Every structure is written in structure tokens, then in C-alpha cells.
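Dear colleague,

I am passing on the structure below, together with some notes on what turned up in it. Please read them alongside the coordinates.

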Amino acid sequence: MFGSIDPALLISALMVASVPILLAAIGELVVERAGVLNLGVEGMMIMGAICGFITAVESGSPALGFIGGAAGGAILSLLFALLTQVMQANQVASGLALTLFGLGLSSLLGQGYVGIKPPLTGSVPFGPLADIPFFGKVLFSHDPFVYLSVAIVAAVWAFLKFTRGGLILRAVGESHDAAHALGYKVQRIRLLAILFGGAMAGLGGAYLSLVRVPQWVDGITAGAGWIALAIVVFASWRPWRALLGAWLFGGITQLQLNLQAAQVPIPVEYLSMSPYLITILVLVVMSSGRGRASLNAPACLGQNFHAAR
Amino acid sequence: MLRLEKRPTPSVFWSRATPVLAVALTMIAGSVMFAVLGKNPFEAIRTIFWDPLFGEFAWYLRGQLLVKAGPLVLIAVGLSLGFRAGIWNIGAEGQYIMGAVIGAAVGLAVYPTENRLIFPVMIVAGALGGWAWAMIPAILKTRFNTNEILVSLMLVYVAQTILAMASTGFLRNPEGAGFPGSRNFSSYPAAANPELIAGSGLHWGGVAALATVVAAYVLLQRHILGFQIKLAGQAPRAARYAGVKPERLVLFCMGVAGALAGMAGLFEVTGPAGQISIDFNVGYGFTAIIVAFLGRLNPIGILLAGLLMALTYIGGEMASTNLGLPSAAIQAFQGMLLFFLLACDLLTNFRIRLAQVEAR
């Protein structure tokens, strides 16, 4: 029954499947470490998907497409930053607005792009390395973004842990009053974090429409942005755990697709709802008991900051 | 430079005026969007906001207003209770689907009965279906401290899969030649939800929505539970000292929202939609979030906001058939409305002052 599933192919596909949620999750992780809860990940992702797709199709260059995707996500996140940091609007409501608006706008922009094939993103040429049995397939047969996403996780980890900038960002997220008293520009730092989160979500979205699917479909993200938000909780706001979480979810998504293809006697519907159910299960496990993830949440998460003077 | 000064209490005037201001700003920004799409902005705005009420086909479209506003108001009133208490149920779409599926299943199980009592039973079943679906995030939140936003949203996707299973599997019309979709309730009079007054568009869902608005108003203004909801939202710690049990509030608010959304789904499936089909849900559960905010989380405000939002739905459809405006444009338009509303709220909570240069 499971004989038709090749483990090397599964692992290699898992790494590809996890890239979009990993990119979105690592971006949101930085945003939340700065004390901002941006629930608009889904909207920024889908805007990245369509902006990246349009740029790539019009220019013929996948690289420009990814830049366009990141820019699309970042521009939408700027709107969120304006609302929450300048206009002092409720972060939960603003994030929802961002998602609703992004879903509508993306399907509006994508009208003329249904059914078009984007230019292909090639894989990194590793030469003979790719021919190593098993490891060649698993490690050395991917497009640049699989490696880039892991590099971004490493960079974010190093930034948060070792640099002065990372310390300031965490300070803003843990106690914005103290950070303000020390003379740091709370709003400006949060704005930068939000922009980074938007660009990462946009990049993840562009990966969906340019590599993973690859074409434009309305509602292409199908909840990937929300799963990315769940992964941040799963990761207890730590970068490497986000990588683990993304691989776990990528693995489940890929496994259920493979099981569908292998015609396992489980109804397709149960398989396709499994990633969402497992997300809930993971949230329950992570949020309860002694290792409560919420204890690691940045103390000022979701609170707006307004300097009295 | 402009400086923001926090108001000691939110301004009553601005809290009433911001929705109007936001709608006006959305119309302006929407016109720009329509102009960019190559449509005449004045004509587009007129088609969306004026023609459904006073245009050539207004006699028909005015009725559609209540058809669309009914579920929006019903869901939004339920959501607003939770939003007031700081409980974010954003999975109303899933609760709406489950209410429709469970309620329709009960009705179809006894097909073709002629007993009129089946319809009230189906309403209860629909409400229970939505309630049960909302209880999942509620109980997970109270027992395991799980984030209700993420869980309720994940369950929307699960509910959509169940809807697909229902329409292609266990609720499929046995006489439907294998096509997906359940039996049509319009040919099942005992369980149907027809128009009550011909041409008005009012069905039992609209009646339920009006009753809910009144009930929610009384609850919030006159009942201790309504006071506790408001208190828990504005001052959670004070609420706890006053003996408000947050867990009970979560269960109550999520449960009411779920039951109302489930009822809305049942009224829709037996009335305007007619049957369970794969594309049965059209996003009322998400639009209701905008309605709740546009109505200032106030039952009467929500009634007005629901009517306005229904107008944009109908006008949007008109604009897409008459002017070739993409149907997604109206979705972006509705999202924009929420943006402007949240931005304008600045005026409710802050005063804008010209900052004086500080003496050093």
C-alpha cells in the first residue's frame, strides 16, 4: 500500500512544500518578536503570489518575479503599519482587514492571468553532487529558494540572538515602555519589522504561484498564511523551531497528497482536511500543559504603543 | 507637526460619525480604483449604491437587500458579542456551513414529510450544528488555552471539506443523476423557507435577524451578562475582580455566535440557496466581520451596516453584469471599507493637536 511512495522523493518534496509557510512564518516571527500581531499574513502572501506572478510573466524573469512578490507583500504590510502604528487601530481587526482586502485585490489583479504558465525557476546546478543516491535527491536537487529560506532562518536567528539590533527588537516586543524610555523609536522599529514580515510573506506567496503550483489560481494560498501563524506559536517564537514546524507541516501536506495518489483506502476528504486538523492538534499540545508556548510569547504582543509625550 | 492626544473617554460624536466618514472615503477611494480599471467611476458608484434602491429594477433588487442582509446581520450580531469581550471568533463561515449541513441533513432524513413541525426542528438542528462547531475552539481555549482565532479559522477549511463531502456524498440527491448537490428545498414545502411577503425578500431568516438585534440590544443594555461582556472587553482585570468568569464568557459568546451563524446557514440553504452544493458558502461569515465593525459592535448599528453591505453585494453584481466590473472588485471594495473605518477610529480615541515646539 505504501510501497509506491519513495522516501527520497517524499523528503525532497516536503522541503519544497514547506518553503512558502516557512518564509511567511519566519517573517511573522520577527514581527511578533517586535510585539506586533499581524493577522494579515494570508492577505500579504496572496498579494505576493499575484504580484510575483504578474512581474514574472510580464518580464519573463523569475528572479524579478520574486522581487515583485516581496514588494507586493511589503506594500500591503505598509498599510497595516500605517493603521496600527500611526492610526493606533486594533491589531487583530487590522490584520483581518488586510487579509480580506488582499484576497479581494489579488483576485482582481489576477483576472487576466488565469491559465498562464510562469517562466520556470531552475534548480541550483550542483553537478555530480546531485547524482549521489538518496542524498543527491534530498539535498542537492532544489531551486535556490529552498536553500535561501533556510539561510534566512539562520540569519534571523543570528540577528535576534547576537546583534544589538536584535536585542533592541526584542526589547520593543517585551516592554515597549522601557524601550521608549531608553530612547528607542518603538514605532519605527515596529514598522521595519512589519515591512520585513510583509516581504517574507510576499516571497512565500510568490514561491507558491511561481514554483509550487505553478500558475495563478484564485485563493491560491488556501490557508497557508494562517498555518504560518500557527507555526509561530508552535515554534514558541524561536527561529529554528519554525523550520522544524514548517517541515512538519510540509511533510504532512506532501504525505497526504502522496497517499491520495497512492489510492490508500482513506477517503480523499479526510486526507485533505488533515493538515488543518493537525495544526489544531499541535496548537493544543503546544498551548497546554507545562511547556506552555504562551509563556514564551513576547510580553507586549498585540498591544499598541502610544507615547504620551 | 501634528500630535495625538489620547481622549480620556472615546468621543460619542466621532464613534457615530466615523462609519459615515469611512463610507464616504471608501466611495472616493473606490472611484479611483474603478477609474484605474477603466470604468466611469460615477457610473460605477451610482450602479452600486443608487440603482439597486431607486433604479429601473429596484422593485426586484430592494427585496434582494433583505435576502443578503439577513444572514450578515444574524452572524454579525453574534460575532459582535465576542468582539466586545475580546474573544475573536473569525470562523463564522465554518459555523455557517455546519449549521446548513446539519440542519439540511435533519430535514432530508425525513423527506418527504408534510409535517410543518420539521422546519422548526431543522432550525434548532442548524443552530446546534453551528454551536457545536464553535464549541471546538471555545473548549480548546478554556481547557488548553489555545488561540481561538487560529482554531476557528482552521475549522473553516475543515467545514468546507465536509460541505464537499455532503454535496457529493451523504446528502447528494438520489434522483439527481449523479450530479453533486442535495435535493432542492423549493420542492419540499414542509422544510422550505419561502418569502413571507411576495417581493419583499423577507424570509424567516430576516425575521430571526430582526429578533436577534432586539434581543442583543436588550442583553447589552439591560442584562447583567451584557454588562459583564462589555466589562471583560474594556477592563479584563476589573472584570475578574468583579467575579466575571472568563471561561463562561468565552463559552457563551462563542456559542451564541456559532448558533446564530448556524441558523443563518440553515435559513440560507432552505431559502435563497435552495440546496446543499459545493459552492454554497459565499463568504458571509467573513463579510460579517466587516459588518460587525462597521456597526460599531452595536446591534442597531449592525442592522444598518448589514443593509449597507447587502447593498454593495447587490450593486456589485449589477456593476459586474452592466459595466463588466470584475466581481472581485467589490470584495476589495468591502475590505477597503474596513481599512478606512479602522483608520477613522483614530478620531474617536484621540484628539489631533498641533504640537508646539518644546522649549529646551
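Helices here are DSSP runs of H or I with at least four residues, numbered from the N terminus. The model is a predicted one, and the notes below should be read with that in mind.

With that numbering, helix H1 (12-36), helix H13 (299-322) and helix H14 (327-344) of chain B each supply at least two residues to the lining of the largest cavity. That cavity has a volume of about 60 Å³, and its lining, which includes B:Val23, B:Phe49, B:Met309 and B:Gln334, divides into seven nonpolar residues, three polar and no charged.

Over all chains, the search finds four salt bridges. In one of them, B:Lys68 pairs with B:Glu317, their closest N and O atoms being 3.7 Å apart; because B:Lys68 lies in helix H4 (residues 58-84) and B:Glu317 in helix H13 of chain B, the pair ties together parts that are 249 residues apart in sequence. B:Lys68 is buried, at 12% relative accessible area, whereas B:Glu317 is partly exposed, at 45%. A salt bridge also joins B:Asp345 and B:Arg296 (2.9 Å, N to O), and since B:Asp345 lies in the loop between H14 and helix H15 (346-349) and B:Arg296 in the loop between helix H12 (284-294) and H13 of chain B, this pair ties together parts 49 residues apart in sequence.

In chain A, A:Glu42, found in helix H2 (residues 41-59), is buried yet has no salt bridge, the nearest side chain of opposite charge, A:Arg212, being 14 Å away. Among the residues that A:Glu42 touches are A:Thr99, A:Trp226 and B:Tyr157.

With best wishes

Definitions and conventions
Residues numbered from 1 in each chain as written. Chains lettered and ligands numbered in written order. Predicted model: local features only at pLDDT ≥ 70, side-chain atom pairs only at ≥ 80, totals over all residues. Heavy atoms only, no water. Buried < 20%, exposed > 50% of the residue type's maximum accessible area, 1.4 Å probe, protein only. Lys, Arg positive; Asp, Glu negative; His and termini not counted. Contact = heavy atoms within 4.5 Å. 1 Å grid on protein atoms, 1.4 Å probe; cavity = no way out; pocket = protein on both sides within 12 Å on 5 of 7 lines; lining within 4 Å. Points joined across faces, edges and corners; volume = space filled by probe spheres on them. Nonpolar A, V, L, I, M, F, W, Y, C, P; charged D, E, K, R; others polar. Lists of a residue's contacts leave out its neighbours within four places in sequence.
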